[in-house]
Amino acid sequence: MTPQSVPGEAPFADPSEGTDARVGDLRGRFATAYSASDAPSEKARAKLDSQNKLYVRERIALLFDEGTFVEDGRYANAMAAGLPADGVVTGRGEVDGRAAIVVANDPTVKAGSWGARTVEKIIRATEMALREELPIFWFVDSAGARITDQVELFPGRRGAGRIFHNQVALSGKVPQICCLFGPSAAGGAYIPSFTDLIIMVEGNASMYLGSPRMAEMVVGEKVSLEEMGGARMHCTVSGVGDLLATDDTEAIELAKLYFSYVPDNWRTPGPRYEAEAPAVPLTRHTVPEAESLPFDIREVIDGLVDDDSFFEIKPLFAAELVVGFGRMAGETVGIVANNSAVKGGVLFTDSADKATRFIWLCDAFGIPLIYLADVPGFMIGSEVERGGIIRHGAKMVSAVSEATVPQFCVVVRKAYGAGLYAMGGPGFMPDATLALPTAKIAVMGPEAAVNAVYANKIAEIADPDEQAAFIAARRAEYEEDVDLERLAADLVIDGVIEADALREELLHRLRYAARRDRHFSSRHRAVPPV
């Protein structure tokens, strides 16, 4: 490994120094190889500028604290012309004083494509991450494998498949954070997919298994690159992307901000910061009392977490559910919250998937979970049934069940049907189930329940006034049956609390729950309903 040098600074003595011609020759050749990957050519720089991209070493300089980066394998393939570092920069440095590894494609070297040495460097970086349990940042900008090198890089024990194998082994062990600056094509598209967070630069980033040209040739589909695998599509439609960035600099800033919420690895506690009061504290008027009145659940989140500390994940995908990290008294918590402002907060297949993966992420890295329930349940209808909503809902319930970190269910307003289960309700052994006075817990809402039970009787009543009176009476009976005081008296919920006292209540309970046992069950593994 060699320390990162300032671009343009010669790391070797002049070849004319010394008396041994062989040493002088080596110095000259290494100096040439060094300078070849030190900065892009004028032509390559012009292309980067036209795409609003940074050079690979500029990206790395933005990631790591100044003077901390050491590089591995800079002279890979140095004897081949036009392949400096074989198109990938790997090494380690410190991000805000915390050690981490980087794997960064160089798109100025054959479009960042993979050769045999590229793959070997990436494998070595992942082995280092496994051995030392270090976080790994993936800076992806690659056209995929070089077909000319396929025998050397594709099928063997240390071929490209080993990268994916190691990424799976790293999953849940250390944070893996991906900034996707350009393409991630064919098999290479799996590198981002195995990471914890994918940040995509709009207009430049793309992911696809088959290019638009290949799709036209193989399946006869004519489609643009953006439609096939562009950044906005993946962040809004497929859900593969987590965050959309405007340029390389913002992508790296988001990656570092995300890193500030997670621990170095699964064994260590997360970073802690100075406690701050919420920007706008919760009041008894924050949550509308009428369950039918939509509102943005972020108002509750912002009233719970430290000032300006909420980091939302997948904000453009399945927006009926909000997930992300916040800080409470300086420590990270994960938040899963129904948002009635979007589709009434109903859970769909996409929102179930979104929640499931976030719950897995928090559980992997010891981050407590707070569920803010305002959910009418899972969506119904033939379209969602054909889409497997039962399977996706079961996956979310499985994730809630298996999580062993401290979990708190806060019923903000309604929690109906399996929505209560998916949001960490009492049957799933949360550390506490709390309710605001606006809360309602039931199999279904009063109107739907009365219609389900008394549909025939209602239809038999001809007089509209008599019919309305009958429905009102039955609704009153139903609401009395699920009265919040009764649920508290029957120990269904652990406490009823006003919104303005909720943050302090949760802070106390979070401190006590930190001592909980993290064992769930003894087995080889679950068989999740995916």
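Glu71 has a relative accessibility of 2% and therefore counts as buried (under 20% relative accessible area; exposed is over 50% and partly exposed in between, with a 1.4 Å probe and protein chains only). The model is predicted: local features need pLDDT of at least 70 and side-chain atom pairs pLDDT 80 or more, while totals for chains, interfaces and linings use all residues. Residues are numbered from 1 along each chain as its sequence is written, and side-chain values use heavy atoms, without hydrogens and water.

**Salt bridges**

- The structure holds 37 salt bridges, each being a side-chain nitrogen of Lys or Arg within 4 Å of a carboxyl oxygen of Asp or Glu.
- Glu71 pairs with Arg74 in a salt bridge, with 3.6 Å between the closest N and O atoms.
- Arg74 is buried too, at 5% relative accessibility.
- A network of salt bridges links Asp38, Arg57, Glu71 and Arg74.
- Arg124 forms a salt bridge with Glu120, and their closest N and O atoms are 2.8 Å apart.
- Arg124 and Glu120 are four residues apart in helix H4 (residues 116-132), so about one helical turn separates them.
- Lys395 and Asp353 meet through their side chains in a salt bridge of 2.7 Å, N to O.
- This pair links distant parts of the chain, 42 residues apart: Lys395 is in helix H15 (residues 389-402) and Asp353 in helix H13 (residues 349-364).
- Lys395 is buried at 10% relative accessibility, whereas Asp353 is partly exposed at 26%.

**Strands**

- Helices (H or I, at least four residues) and strands (E, at least two) are DSSP runs, numbered from the N terminus.
- Two strands pair if DSSP finds at least two bridges between them.
- Strand E2 (residues 70-72) pairs with E3 in the antiparallel sense over three bridges, and Glu71 stands opposite Gly91 in E3.
- In strand E3 (residues 88-95), six of the eight residues are buried.
- E3 is also joined to strand E4 (residues 98-105), antiparallel, by eight bridges.
- Val88 has Asn105 in E4 as its bridge partner.
- The hairpin of E3 and E4 has two residues between the strands, and Asp96 in this hairpin takes a positive phi near 50°.

**Nonpolar cores**

- A nonpolar core is a set of buried Ala, Val, Leu, Ile, Met, Phe, Trp, Tyr and Cys residues joined through side-chain atoms within 4.5 Å.
- The largest nonpolar core has 72 residues, and Phe137, Phe325 and Val336 have the most contacts inside it.
- Another core lies apart from it, with 30 residues, including Ile136 and Phe164.
- Residues that Phe137 touches (heavy atoms within 4.5 Å) include Leu63, Val95 and Phe259, not counting residues up to four places away in sequence.
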